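Here is a short tour of one protein model. Please keep the sequence and the 3D view open while you read.

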Amino acid sequence: MTPVGQQYAPELRAAAGHLGRRRFLTVTGAAAALAFATNLPAAGAASAAELDARKISVDPFTLGVASGDPQPDSVLLWTRLAPAPYEPGNGLPDQRVIVQWEVAHDARFRRVARRGVAIAHPEFNHTVHVDADNLDAGRTYYFRFKTGTWISETGRTRTAPAAGSKVSALNLAAVSCQAYHDGYFTAYKHLAEDDVDVVLHLGDYLYEYAVSAVGGARNYTDRTLPALFNRETQTLEDYRLRYALYKTDPDLRAAHAMHPFVVTWDDHEVENNYAGDVDEHGDPPAEFLIRRAAAYRAYWENLPLRRPQQPQGSDLQLYRRLRWGRLAQFDILDTRQYRSDQAYGDGSDIPGPESTDPKRTITGATQERWLIDGWRRSAAVWNVVPQQVNFSQRKLDLNPVAKVSMDAWDGYPASRDRVLAGAASAGIDNLMVLTGDVHVGYAYDIKADFDNQASKTVGTEIVATSIASGKDGAEKPANWETYTKANPHMKFYNGRRGYVRVGLGQESARADFKTVSAVTTPGAAITTAASFVTEAGNPGLKPA
């Protein structure tokens, strides 16, 4: 284990030494610390000299295209110019680049709906975020980017239905946890071919851990990855390069090109099991917050997020609300940035005064109020909460007082109680929680009182297994019998990789757990491990 206080790069520790935590937590202090720590361009870089794009001699669209956060009249379009994606600076000079964009009704761009010009700034690592607006509601669109003589691949996206409209159906996919070094992103290949309206990414899009020259468990024989990936990410450059590595995966590129994504993070986009300003090693918060600022900036740069999500130093408001007509309301949570530190030193433990302290929170008070207030105003049939960690009670053994995870909502039971009470007071009949993190698939009935299995079922939790994290996995992990006996409200448990396809309708919802047999070798077929339905107004999972 890295000694406490010694894990960060010298430039991070030096920057923290120049700034007290009080000053760091101001926007100015955070920006100064980040610039000092990671050699960001100076404030004037936005007006840097313009590069003649005709001089770009190698395809700059190596990281593909993406779209996200569909609204009834707009969608966010993304790309990043990277003719040399595995090099610092993407193989481009410190100059801004003019990029044209187009949105069309057809894949051949014969009927262009919108077009415009964007600037790929060097200060944002030549990423492009276009909020393409004035679009029609509930429509499929195609988009692409151009710069110099180069044209990107074509992406497909869609807008949300009109606000307040009655919508008969929505098909979504829930994904999480894609450790590049643990295997191939085969599930994304199949997801790119699936007919879904939107993909919800529930966290761990990127992992901070080192990736070896052979890509870890991928065991490449046809390429050698640069040594700069074979270290843990700490600086802004590290995180930017790691996103480049992930986004050169063809299956991830295909999924992004075919479907709009709605993303939230978990821990590994920064560091394993961090909690607010506390890292897993107990280092000074001023040091960790500089690293967090770098990670948050790279996250925004490399994902299809709008300007309100652009970070201010070490802060980024990721929680937000999207609607799909009157069929569904999505309240996307962030259970990392504002949480209390894990009780009892993290890990698993029996509940006790520290974990059950009512002052503890996993969402922070402001986000909790925002969630419950949003429910009170909701007119949706389904209120869906995409978030990170296991929400339902999950006993880890068969002892009279069982251990639970201190990192999950079990480690913050007062937070869970307040949220469920808020749902009840708001009259939410069809609560669905979507979860990632644990590298397995679960299906839970959410109980009003988990310690009384006869209590009312108040919602459904669908846990999406990992895309690759945990390597191949097993259909029935070693603890399968223990977990299913200890948790009668757990209706399904599968340890293979894959994703969950969820169909929402006016009368019911259906979850199909899609799995692949292996990720340490490419090309595995996709199968449906199990399917469940729950009726609108009558929560409780039943086999389909």
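Are E102 and R144 buried or exposed? Both residues are buried. The model is a predicted one, and every value below is computed from it.

**Salt bridges**

E102 and R144 form a salt bridge, with the closest N and O atoms 2.8 Å apart. E102 sits in strand β3 and R144 in strand β6 (residues 140-147), so the pair ties together parts that are 42 residues apart in sequence. The chain has 31 salt bridges by the rule used here.

R218 counts as buried because its relative accessibility is 3%, under the 20% cut-off. D249, at 4% relative accessibility, counts as buried too.

The other pair is E368 and R418, whose side chains meet in a salt bridge (2.9 Å, N to O). E368 belongs to helix α9 and R418 to helix α10, so this bridge ties together parts that are 50 residues apart in sequence. E368 counts as buried at 12% relative accessibility. R418 counts as partly exposed at 27%.

Some bridges share partners. In this way E102, R115, R144 and K146 are joined into one network.

| E102 and R144 | 2.8 Å | 42 residues |

**Helix α9 against helix α10**

Helix α9 covers residues 365-376, and helix α10 covers residues 413-425. Their axes come within 8 Å and cross at roughly 20°. Why does α9 count as roughly parallel to α10? The crossing angle is roughly 20°, and angles under 35 degrees count as roughly parallel, so α9 is roughly parallel to α10. The crossing of α9 and α10 is right-handed.

Which residues meet there? From α9 come E368, L371, I372, W375 and R376. From α10 come S415, R418, V419, G422, A423 and S425. By class, the contact of α9 with α10 has five nonpolar, three polar and three charged residues.

**Helix α4 against helix α6**

Next comes another pair of helices. Helix α4 spans residues 186-193. The axes of α4 and α6 come within 7 Å and cross at roughly 25°. The two are therefore roughly parallel to each other. The crossing of α4 and α6 is left-handed, whereas that of α9 and α10 is right-handed.

The α4 side of the contact is made by T186, Y188, K189 and A192. The α6 side is made by D251, L252, A254, A255 and M258. By class, this contact of α4 with α6 has six nonpolar, one polar and two charged residues.

**Positive phi in two loops**

N134 is a residue other than glycine, yet its phi is positive, near 55°. N134 is found in the loop between β5 (127-132) and β6. N134 is exposed because its relative accessible area is 61%, over the 50% cut-off.

H439 also has a positive phi, about 65°, although it is not a glycine. Where is H439 found? H439 is in the loop between β17 (431-435) and β18 (441-447). With a relative accessible area of 23%, H439 is partly exposed.

E87 lies in the loop between β2 (74-80) and β3 (97-104). At 45% relative accessibility, E87 counts as partly exposed. How many residues separate E87 from P226 in sequence? They are 139 residues apart. In space, the distance between E87 and P226 is 9.1 Å, C-alpha to C-alpha.

How values were computed:
Residues numbered from 1 in each chain as written. Predicted model: local features only at pLDDT ≥ 70, side-chain atom pairs only at ≥ 80, totals over all residues. Heavy atoms only, no water. Helix = DSSP H or I, 4+ residues; strand = E, 2+ residues; numbered from the N terminus. Buried < 20%, exposed > 50% of the residue type's maximum accessible area, 1.4 Å probe, protein only. Axes fitted to C-alpha atoms, helices over the stretch in contact; angles between N-to-C directions. Parallel < 35°, antiparallel > 145°, perpendicular 65-115°, else oblique. Left-handed = near helix turned anticlockwise from the far one by under 90°. Contact = heavy atoms within 4.5 Å. Nonpolar A, V, L, I, M, F, W, Y, C, P; charged D, E, K, R; others polar. Salt bridge = Lys/Arg side-chain N within 4 Å of Asp/Glu carboxyl O.
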